Amino acid sequence: KPVAQAATAEQLEGIERTLQVGLTALTSCYTSEMERQGTKKFQGRVLYKILIGADQKAAQVVIGDESLAGPQMHKCMVSVIKGWEFPQLKTEMWFSRPIEFSPAY
């Protein structure tokens, strides 16, 4: 018997849209941290994992596997992600995404 999918293609598309729109806010967390550190050499990769709950919010946010150490930035990212609204899912689902951050100038 086939295993039920945790999310439909439409729901996954909705999650992608939420992540795309939210990228701007995550970039501002990065920019603030770069200014706080006073260096333009602050660049690297961050992997964030989100447990999308039944209430359409991030039940858990984990920042891991990063080459960009910035505790304030990570706190900012968690706070921002917890404010996002996701599509309604049948069941909780983990979602992860890497982001490369580098100065725009």
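Student: Is Arg 97 buried, partly exposed or exposed, and how do you know that?

Tutor: Keep in mind that this is a predicted model. The relative accessibility of Arg 97 is 21%. Buried means under 20% and exposed means over 50%, so Arg 97 counts as partly exposed.

Student: What makes Arg 97 and Glu 16 a salt bridge?

Tutor: The cut-off is a side-chain nitrogen of Lys or Arg within 4 Å of a carboxyl oxygen of Asp or Glu. For the side chains of Arg 97 and Glu 16 the N to O distance is 2.7 Å, so the pair meets the definition of a salt bridge.

Student: How many salt bridges does a search of the whole structure find?

Tutor: The search finds 2. Arg 36 and Glu 33 form a salt bridge too, with their closest N and O atoms 3.0 Å apart. These residues are 3 apart in helix α1, and about one helical turn separates them. An α-helix has 3.6 residues a turn, so residues three or four places apart point the same way.

Student: Which other residues of α1 are buried, and what do they pack against?

Tutor: The buried residues of α1 include Gln 11, Gly 14, Ile 15, Leu 19, Leu 26 and Tyr 30. The buried residues of this helix pack against β1, α2 (71–82) and β3.

Student: How do you know that the span of α1 agrees with what it should be?

Tutor: At 1.5 Å a residue, the 29 residues of α1 should span 42 Å. The end C-alpha atoms of α1 are 41 Å apart, which agrees. There is also a bend of about 35 degrees in α1, at Leu 23. Just after α1, Gly 38 has a positive phi of about 65 degrees.

Student: How many aromatic pairs does the structure hold?

Tutor: It holds 3 aromatic pairs. One of them is Tyr 30 with Phe 42, whose ring centres are 5.7 Å apart and whose planes meet at 10 degrees. Centres within 6.5 Å make a pair and planes under 30 degrees apart count as stacked, so Tyr 30 and Phe 42 are a stacked pair. Tyr 30 lies in helix α1 and Phe 42 in the loop between α1 and β1 (44–52), 12 residues apart, and the pair links distant parts of the chain. Tyr 30 and Phe 42 are buried.

Student: What makes Trp 84 and Phe 86 edge-to-face or stacked?

Tutor: The ring centres of Trp 84 and Phe 86 are 6.3 Å apart, with the planes at 65 degrees. Planes over 60 degrees apart count as edge-to-face, so that is the name for Trp 84 and Phe 86. Both residues are buried.

Student: Which residues do ring pairs link into a cluster?

Tutor: Tyr 30, Phe 42 and Phe 101 are linked that way.

Student: Is Pro 103 buried or exposed, and what does it touch?

Tutor: Pro 103 lies in the segment after β3. Its relative accessibility is 17%; the limit is under 20%, so Pro 103 counts as buried. Leaving out residues up to four places away in sequence, Pro 103 touches Tyr 30, Met 34, Lys 40, Phe 42 and Gln 43.

Student: How do you know whether His 74 is buried or exposed?

Tutor: His 74 is found in helix α2. With a relative accessible area of 13%, His 74 is buried. Among the residues His 74 touches, not counting those up to four places away in sequence, are Val 46, Ile 63 and Leu 68.

Student: Where is Gln 56, and what is its phi?

Tutor: Gln 56 is in the loop between β1 and β2 (58–64). Its phi is near 70 degrees, a positive value in a residue other than glycine. Gln 56 has a relative accessible area of 23% and is partly exposed.

Methods
Residues are numbered from 1 along each chain as its sequence is written. This is a predicted model: local features need pLDDT of at least 70, side-chain atom pairs count only at pLDDT 80 or more; totals for chains, interfaces and linings use all residues. Side-chain values use heavy atoms; hydrogens and water are left out. Buried means under 20% relative accessible area, exposed over 50%, partly exposed in between (1.4 Å probe, protein chains only). Helices (H or I, at least four residues) and strands (E, at least two) are DSSP runs, numbered from the N terminus. Rings of Phe, Tyr and Trp (its six-membered ring) pair if their centres lie within 6.5 Å; planes under 30 degrees apart count as stacked, over 60 as edge-to-face and the rest as tilted. The expected span of a helix is 1.5 Å times one less than its number of residues. The bend at a residue is the angle between axes fitted to the seven residues ending there and the seven starting there. Contact means heavy atoms within 4.5 Å.
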